[in-house]
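Here are my notes from going through the model you sent over.

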Amino acid sequence: MRGGLPIFPVEADARSVVTDHLFFGLLGLSVAIILLVVSLVVVFSVRYRRGSSAKRGELPEIVSKEFEIGWTVATFFLFLFVFWWVSSSQLSGFKAPANALEIHVVAKQWMWKTQHPSGVREINALHAPTGVPVRLVMTSQDVIHSFYVPAFRMKQDVLPGRYTETWFKANRPGTYPLYCAEYCGTDHSQMLGEVVVMRPADYGRWTAVQPQPNDLAGQGGVLYRSLGCGSCHDAAGPNHNAPSLGGLYGQQVMLSDGRRALVDETFLHQAIVQPDRNAVAGYPATMPSYAKAIDEEGLNALIAYLKSLPAHAGGRS
Ligand code: HEC
Ligand SMILES: [Cu+2]
């Protein structure tokens, strides 16, 4: 189903066409009201200009009362209808159909990163099949961004520290521009991408020829070795004077300032990025900060790897 202006058609399912109906419906309503008000202003200013012979007596009381009540109630119901129309169409945007394809989006200054269920990753691009609902689960690595695809009449804010969702169902193969619609710093206007819509068979072929990455924990293991974490943390390491990391996730640890802390994702994140913040009791504060060495995606991988490490003999109880 297509709708909207012929120069800028809607390329997604009926839900997106409603957005156009809404837009043009509200535009038409506003124009009608403006025309009414402006023409009354013109008519009255001519009719009641100084020196005109128009009647200036009292309005007939009964007529004006009914008129007041009439137009007040009528506009009330008109706006109630508009409210229902807009909100019912917007609410449907939150709940993707159960069979939707789930794609993760990470926004950062100034790019879009997407990850498919198959593990395939893309930058500033999103490949999607036609006729299949696509659910986007999005978060930001820094400031607020907004995922905006005009051809799908779709716009959703992307926030740091939480997940937001939206979905679409594209109906025609093609390449559609993706913008950031929330000012996010110097290169906000360059934060561009494209949504490439393909027939399902083509999408399958495209997926098959993409480099197939390791799963997240596997990628984290590679980082762990390349950053040399093991030189301190592994029992066999040359400067072994650091806590064992096996089975750490979910444990309580004693901190050097006497507090206890639960090891969750946030704790691990801080341990790597701001090690002096929650220094562990009983060890020298030699752990360097890796804030500059790893980005959020790398941290996700590294944390997934740490969580996958089994507790081993000689490790924590
Ligand atoms: C120079 C040695 C050294 C290196 C290299 C090092 N660490 Fe550490 N790490 C320590 C020490 C010492 C502690 C304990 C004191 C503290 O918490 O600051 C620690 C603490 C930790 C903790 C908290 C452990 C707990 O029991 O709560 C984590 C998690 C951690 N490191 C992860 C890493 C990761 C991941 C890397 C590699 C990116 C790394 N460390 C590299 C020395 C090191
Ligand atoms: Cu942005």
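1. How many residues does helix α7 have, and how far does α7 reach from its first C-alpha to its last? Helix α7 (residues 296-308) has 13 residues and reaches 18 Å, close to the 18 Å expected at 1.5 Å a residue (the expected span is 1.5 Å times one less than the number of residues). Helices here are DSSP runs of H or I with at least four residues, strands are E runs of at least two, and both are numbered from the N terminus.

2. Some bookkeeping: this is a predicted model, with local features needing pLDDT of at least 70, side-chain atom pairs counting only at pLDDT 80 or more, and totals for chains, interfaces and linings using all residues. Residues are numbered from 1 along each chain as its sequence is written, chains are lettered from A and ligands numbered from 1 in the order in which they are written, and side-chain values use heavy atoms, leaving out hydrogens and water.

3. Back to α7: its buried residues are Gly298, Leu299, Ala301, Leu302, Ile303, Tyr305 and Leu306. Buried is under 20% relative accessible area, exposed over 50%, and partly exposed in between (1.4 Å probe, protein chains only). Keep in mind that an α-helix has 3.6 residues a turn, so residues three or four places apart point the same way.

4. Now the copper ion (ligand 2). Its protein donors are His145 (ND1), Cys180 (SG), Cys184 (SG) and Met191 (SD), at 2.0 to 2.5 Å (donors are N, O and S atoms within 2.8 Å of the metal, or 3.2 Å for Na, K and Ca; water is not among the atoms, so sites may look incomplete). The site is tetrahedral because the 4 donor atoms subtend angles of 91 to 126 degrees, and the label requires all angles between 85 and 135 degrees. His145 in strand β6 and Cys180 in strand β9 are 35 residues apart, and both are buried.

5. Those two strands also pair: 2 bridges join β6 (residues 145-149) to β9 (residues 174-180), running antiparallel. Pairing takes at least two DSSP bridges. Tyr148 has Tyr179 of β9 as its bridge partner.

6. Last, the iron atom of ligand 1. His233 (NE2) and Met287 (SD) are its protein donors, lying 1.9 to 2.0 Å away. His233 sits in helix α5 (residues 230-233) and Met287 in the loop between α6 (265-273) and α7, 54 residues apart. His233 counts as buried because its relative accessibility is 13%, while Met287, at 32%, counts as partly exposed.

Methods
Tetrahedral: all angles 85-135°; square planar, octahedral: opposite > 155°, others 65-115°.
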